[in-house]
Amino acid sequence: MILAPDQIEFFHTNGFLMLREITTAQEVEMLQSVYDRLFEVKAGRDAGDHLDLTSVDDGTQPETLPQILNPSKYAPELVNTAFRANALAIAKQLLGPDAEFRGDHAIRKPPQSGAATPWHQDEAYWDPAMEQNEISIWVPLQEATLQNGCMQFVPGTHRQEVLPHHSIGNDPRVIGLEVDNPEALAVYSVACPLPPGGATIHHSRTLHFTGPNRSNTPRRAYILMFGTPPKPRATPRNFYWLAQQKTQWQERRAAAIAKADN
Ligand code: NI
């Protein structure tokens, strides 16, 4: 899959790009069924790969925004897809020849769910000691609209540093992060409705958001991440919003690691 020069320039200027098609209708159907199966069984829950982004996520409350990290670990048929081959080719065109697969991620917004994914930069979740240069390629497995929570971006924000963030609702038990003062930034947002199997591509510092799902069907999105190999930063950063977090998800991960060590 070859991007046109004006698409590459658009990405570098704006920090995001829309594609009408990155995979086939047939593959979207396959991905949908894998997806529903993984969420049905909460794949990766004990390993710390299943989480609810916007709630306290202790299993006592209804899920508002369930996600699975590394779903291809639990469904190997996700590895050899046209989507992944096309996405890698695109990543090399945008980041350079040493761009590599860095992980995958599944997000399911339940029907009539009030949870938005608040404005954030992905890098705000990551290790502040490392220099990262990554993109996420986000594919809806049904139409993505303003009604069900399509992607929205603030153009050009990938050229800024990581902005201060806080846990959603200022509750350090919640995994999800929100940039401080999102209202001031949201006025510049660009919404990206897509057909099933289309894609948005965004840089790890591009501010983005998806609204609540007000439709009667789940809004499924499958995301592949690519980046150049991370390296230690010369100047440290203080992501105090991560240092303050204390989540059930971190505890599940720590328990899984301790179990693996025994
Ligand atoms: Ni994000």
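The largest cavity of this predicted model holds about 40 Å³ of space. A cavity is a set of points, on a 1 Å grid over the protein atoms alone, where a 1.4 Å probe fits but cannot get out. Volume is the space filled by probe spheres set on the points, with grid points joined across faces, edges and corners. With a threshold of 30 Å³ or more, the count comes to 1 cavity. Its lining consists of L31, V34, Y35, L38, P71, L78, L141 and Y222; lining residues have an atom within 4 Å of a point. Helix α2 provides the largest share of this lining, 4 residues.

Residues are numbered from 1 along each chain as its sequence is written. Local features need pLDDT of at least 70 and side-chain atom pairs pLDDT 80 or more, while totals for chains, interfaces and linings use all residues, and side-chain values use heavy atoms, with hydrogens and water left out.

A pocket is an open set of points with protein on both sides within 12 Å along at least five of seven lines. Two or more lining residues come from each of β3 (66-69), β4 (100-109), β5, β7, β13, β14 and α6 (248-261). Strand β4 gives the most, with 5 residues. Helices (H or I, at least four residues) and strands (E, at least two) are DSSP runs, numbered from the N terminus.

A nickel ion has three protein donors: H120 (NE2), D122 (OD) and H208 (NE2). They lie 2.1 Å from the ion. Donors are N, O and S atoms within 2.8 Å of the metal (3.2 Å for Na, K and Ca); water is not among the atoms, so sites may look incomplete. The donor spacing in sequence is H-x1-D-x85-H. Distant parts of the chain are linked here: H120 belongs to β5 (residues 117-120) and H208 to β13 (residues 208-210), 88 residues apart. Both H120 and H208 are buried. Buried means under 20% relative accessible area, exposed over 50%, and partly exposed in between (1.4 Å probe, protein chains only).

The largest nonpolar core contains 32 residues. Such a core is a set of buried Ala, Val, Leu, Ile, Met, Phe, Trp, Tyr and Cys residues joined through side-chain atoms within 4.5 Å. L19, I22, F83, I90, I135, I137 and I201 have the most contacts inside it. At least two core residues come from each of β1 (16-19), α2 (25-40), α3 (82-95), β7 (134-140), β12 (199-203) and β14 (219-227). Beyond its neighbours within four places in sequence, F83 contacts I22, T23, E27, I137, V139, Y222 and L224 (heavy atoms within 4.5 Å). A second, separate core of 18 residues includes L51, L53, A144 and A221.

The model has 0 disulfides, defined as pairs of cysteine sulfur atoms within 2.5 Å. C150 is in no disulfide. The sulfur of C192 is 6.9 Å from its closest cysteine sulfur, in C150, and therefore too far for a bond. C150 counts as buried because its relative accessibility is 1%. C192, at 0%, also counts as buried.

R45 sits in the loop between α2 and β2 (50-52). With a relative accessible area of 17%, R45 is buried. R45 touches H50, L51, D57, D58, G59 and R252, leaving out residues up to four places away in sequence.
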